[in-house]
Amino acid sequence: MNSHFFALMSRMKYINRWGLMNNTKCENICEHSLMVAMLSHALVTISNKRFLTNLNAEHAAMLGIYHDASEIITGDMPTPIKYFNPKISEAYKQVEEVAQEKLVSHLPEDLKPDFEPLLTICDEDKEYIPFVKAADKLSALIKCIEEEKLGNREFEKAQSSISKSLVDMHLPYVDAFMEEFLPSFKLTLDEQD
């Protein structure tokens, strides 16, 4: 029997983010998920090296890759709508869960145990959630910085809000990343030399 799972995953490139914003360059969830994977890996590595945690950075990266996979089915719900009120947030969470289950259903039975935890975050992965959420926010902040760098003022409020939410997380590995790596995103390629 044929499995549609990876054909569906390849459709991540068709789901654009920031749908309510005037983008200088569109960003799809495939691009976003790659950045979240790299940032999740980096945050766990920083935490392991500097703050004495003992987590699997590669696993965090895999969770980052699949963190928005349900949007293949749901599309990208703009943040102002998704979090407009608790009822909408809860309803969207239920829609995401149904979409995740649908994606898992497209896997062959022998592979489901390996992929389902990446799509649905199981109990043993709860300690990775803060890393992936922070990486998701960092990726959004980087998008805002890139848009600002191109002269697009549309993302100013989002940049300020996301930056504040990252600081308010009070996570030392996030603070370290923001201090050491984030400023470079404001530079041109020649300035990074």
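Tutor: Let me begin with a term: helices (H or I, at least four residues) and strands (E, at least two) are DSSP runs, numbered from the N terminus. This is a predicted model, in which local features need pLDDT of at least 70 and side-chain atom pairs count only at pLDDT 80 or more, while totals for chains, interfaces and linings use all residues. Residues are numbered from 1 along each chain as its sequence is written, and side-chain values use heavy atoms, with hydrogens and water left out.

Student: OK, how many helices and strands does the protein have?

Tutor: The protein has ten helices and zero strands, and along the sequence the pattern reads α-α-α-α-α-α-α-α-α-α. The radius of gyration (taken over C-alpha atoms) is 17 Å, close to the 16 Å that the globule rule (2.2 Å times the number of residues to the power 0.38) gives for 193 residues, so the protein is as compact as a globular protein of that length. The C-alpha trace spans about 55 × 40 × 35 Å along its principal axes.

Student: And what share of the residues count as buried?

Tutor: Of the 193 residues, 39% count as buried, where buried means under 20% relative accessible area, exposed over 50%, and partly exposed in between (1.4 Å probe, protein chains only). For contacts, meaning heavy atoms within 4.5 Å, residues 24 or more positions apart account for 70% of those with a separation of 6 or more.

Student: Let's switch to pockets. How much space lies in the largest pocket?

Tutor: The largest pocket holds about 1600 Å³ of space. On a 1 Å grid over the protein atoms alone, a pocket is an open set of points where a 1.4 Å probe fits, with protein on both sides within 12 Å along at least five of seven lines, and lining residues have an atom within 4 Å of a point. Grid points are joined across faces, edges and corners, and a volume is the space filled by probe spheres set on the points.

Student: Which residues lie nearest its centre, and which helix gives the most to the lining?

Tutor: The largest pocket is lined by 42 residues, and Asp68, Lys82, Tyr83, Lys133 and Asp136 lie nearest its centre. Helix α6 gives the most to this lining, with seven residues, and the helices that each supply at least two residues include α6 (86-105), α8 (129-149) and α9 (156-168). By class, the lining has 19 nonpolar, nine polar and 14 charged residues, with Ala, Val, Leu, Ile, Met, Phe, Trp, Tyr, Cys and Pro counted as nonpolar, Asp, Glu, Lys and Arg as charged, and the others, Gly among them, as polar.

Student: What about the second largest pocket, what lines it?

Tutor: The second largest pocket holds about 240 Å³, and the residues that line it include Lys25, His32, Met35, Ser139 and Glu146. The elements giving two or more residues to its lining are α2 (29-51) and α8, with α8 giving the most, at five residues. Its lining divides into four nonpolar, two polar and six charged residues.

Student: One last topic: is Ala37 buried or exposed?

Tutor: Ala37, found in helix α2, is buried, with a relative accessible area of 6%. Not counting residues up to four places away in sequence, Ala37 touches Ala61, Gly64 and Ile65.

Student: And what is Gln159 in contact with?

Tutor: Gln159, placed in helix α9, is also buried, with a relative accessible area of 14%. Leaving aside neighbours within four places in sequence, Gln159 is in contact with Leu141, Cys144, Ile145 and Glu148.
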